[in-house]
Amino acid sequence: MHIPERGTERYVGHMFQTLDNGGPKTVIKRQDVQARLMQIGEADILVGIPSYNNAHSIGHVVRAVQAGLAKYFPDKKTILVNSDGGSTDGTIDVVHQTTIDDFKSILVAHRFESFSKIAIPYHGLPGKGSAFRTIFEIAGALNVKACAVVDSDLRSITPEWIELLIKPIIGDGYDYVAPLYHRHKYDGTITNSIVYPLTRTLYGKDVRQPIGGDFGFSGRLAGFYLTKEVWESDVARYGIDIWMTTTAIANNFRICQAFLGAKIHDAKDPGADLSAMLYQVVGATFDLMEEYPQTWKHIASTQAVPVFGFTYAVGLEPVNVNIQRMLEKFRLGAHELGPIWENILSRDTIDFLTGLADTPKEDFHMPDSIWVDIIYSFALAAHRKVIHKEHLLKSLTPLYIGRTASFVIETWEASGSEVEEKINKLCEEYWRSKRSFSERWQ
Amino acid sequence: MNFIQRIIIEPFERCYEGFLTFLPNLLTFIALLIVGIVLGSILRLIFLKIFRAIHLDTAAERIGVFEMLVRRGIRSSLSAFVARFIGWIVILTFAVIALQALKILTVENLLDRFFLYLPSVFTAAVILVFGYIFSNFFGRAALIASVNAGIRRAGMVGRMVKLVVFIVSATMAMEQLGIGRDTVLIAFAIVFGGIVLALAIAFGFGGRDIARDYLQRNVDREREQDKDLGDHIDPL
């Protein structure tokens, strides 16, 4: 194991990475971490778990990861890294204390010896992206061949997830494995209405869950991520998922998907601000458009992405939605934010939204064409810096809530496959408007 | 005869001599003023052509300056606006030089005082401009945050924040100009202190029950809201 000095170049996986001289922002410079990494030396597989106050759920995730590594990669040297955001509920203690005592119960005949654990608080801006950065750094320092990251609040994770996220990298030479889940039709609304259609339309890859949160990637790609100076931006927060997926696609890394079954996790932190989440994810998506215009402007069709894993139907937990509250928020936005939207949207769209605000719930409908026009107009406004970026993207929240309310009303009786069909139609609308959007992007 | 000479003719002669002495200054004043107006107009046209040649308006439109000007009630293009501004600066400069050429003591004193006061005016203007920009920025941020938090009187919150920030900057600008230096500051402190005290008394004594009900309703609503948007739907 080699921990390089800052300001030098080092070999990570299969590529060189330059370390900046901006001070010890990286956690692997800490003496205790260095000692632990020295002790481990090198590893073949790394599984990272970002966490923040997940003491009640992380134990299950750690057990599933350990079981998966023992069952499917018994001959590999493996490591579990918990990158924690300063939990106060003993999350790190739970990670240290959790282990599988009875391997026979998970059908593993031999005891699994080459497994290590590191649980450390990460440095940098508080957020998922900073936690991932620490995981990438440790992966680089241990020169791992394959990595996976899984959320710490998952309740549906099984040992098979680890196989599905790692095997395509070790066995088939892929660099990036995006997850594929069965989700409730009202789950993942930012994914379904913005991020998935945009990724599919702009970059031409049909990655159904580009911000799923559970990914597999090669050591080479982890090293490539570390060469990017994005750790003070939205990428350090919720923007990390779309950044990882888009960076892999736009830089021609080999990508695939793995079917993981159902995604069931703990309730989101009630304090988590929806508009901040939307701002970080959409902000990172728009920033990536700025970075790769020569890539997305020339994409003219969508390519299917290979899927690993046995696809099966799963039962999903019901989701309660308060449509009335959503409509109230949209109407409040339409009433108060009109002058801001006038700088971003066309007159026709503004007129439509003004009319929609007065429409009763039964007739409330935001067509795909309007929604696509809104997203492309916001992307152009961000590109032209019409108003401050945070104001711009946070003013999108009532529109997103209105669109979600419209989607829920329209698909109230629809089955999962009908909803998928509707999302496909939305993607076609994004395609239809792409040329004009591309021409307006100077 | 001597009386007429002393009372009528001599004052007229002195006045005439004074006028003859002043005439070159007056002519210089008029000439400088004309030169200033002509030069200002020529420079305005030259700069207008230069700005159009470098496509300043296109760049302004792209980065949103054009929209900003329109929102501030300036209907002309950025090129025309800046060129006209330069023209007026030139005319104003020549007007000041022309006034000094008159060599009138009172005017010279006034100009001296004006030039001594100018740095304060400039600083106050800069404070006001930045105050206006910041008040718009924070007012808009408060408006958007309030809308996203579902506060019904979001518009009023935004306007209040905008007003407060602008009043703070206006107070600073007036202090810089030396207008009622302490009075403005004390008045500002009294008004804001008064508002806060009034609210505290109203909520603390007069409206204890109302305040409790209001807070309870808000807490309940937030809990309900968290359930609706946080507990069930995962947007990612």
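In chain A, 20 residues of domain 1 meet 27 residues of domain 2. Keep in mind that this is a predicted model, with an ipTM of 0.84 and a pTM of 0.78.

- On the side of domain 1 of chain A that touches domain 2 of chain A, helix 6 (189-203) and helix 9 (274-291) of chain A each put in at least two residues.
- Helix 9 of chain A gives the most to that side of domain 1, with 9 residues.
- Sorted by class, the side of domain 1 of chain A that touches domain 2 of chain A holds 10 nonpolar, 6 polar and 4 charged residues.

**The largest nonpolar core**

- The largest nonpolar core runs to 137 residues, and A:Leu46, A:Val47, A:Val150 and A:Val281 have the most contacts inside it.
- Helix 14 (residues 368-384) of chain A brings the largest share of this core, 10 residues.
- Both domains of chain A take part: domain 1 (9-308) and domain 2 (323-440) each give the core at least three residues.
- As general background, nonpolar side chains in soluble globular proteins tend to be buried together.
- Beyond its neighbours within four places in sequence, A:Leu46 is in contact with A:Ile79, A:Val81, A:Ile138, A:Ala139, A:Leu142, A:Val144 and A:Cys147.

**A closer look at A:Ala139**

- You'll find A:Ala139 in helix 4 (residues 128-141) of chain A.
- A:Ala139 counts as buried because it has 29 C-beta neighbours inside 10 Å, and the cut-off for buried is 20 or more.
- Setting aside residues up to four places away in sequence, A:Ala139 touches A:Leu46, A:Val144, A:Cys147, A:Gly219 and A:Ala222.
- For a sense of distance, A:Tyr312 is 173 residues from A:Ala139 in sequence and 33 Å from it in space, C-alpha to C-alpha.

**Confidence in chain B**

- Chain B has a mean pLDDT of 81, and 81% of its residues reach 70 or more.
- Within chain B, confidence is highest in helix 6 (residues 154-177), at a mean of 90, and lowest in helix 3 (residues 65-71), at 61.

Technical notes. Residues numbered from 1 in each chain as written. Chains lettered and ligands numbered in written order. Predicted model: local features only at pLDDT ≥ 70, side-chain atom pairs only at ≥ 80, totals over all residues. Helix = DSSP H or I, 4+ residues; strand = E, 2+ residues; numbered from the N terminus. Buried ≥ 20, exposed ≤ 12 C-beta atoms within 10 Å, placed from the backbone. Contact = placed C-beta atoms within 7 Å. Core = buried A, V, L, I, M, F, W, Y, C linked by C-beta atoms within 7 Å. Domains from an automatic or database assignment. pLDDT = per-residue confidence, 0-100. Nonpolar A, V, L, I, M, F, W, Y, C, P; charged D, E, K, R; others polar.
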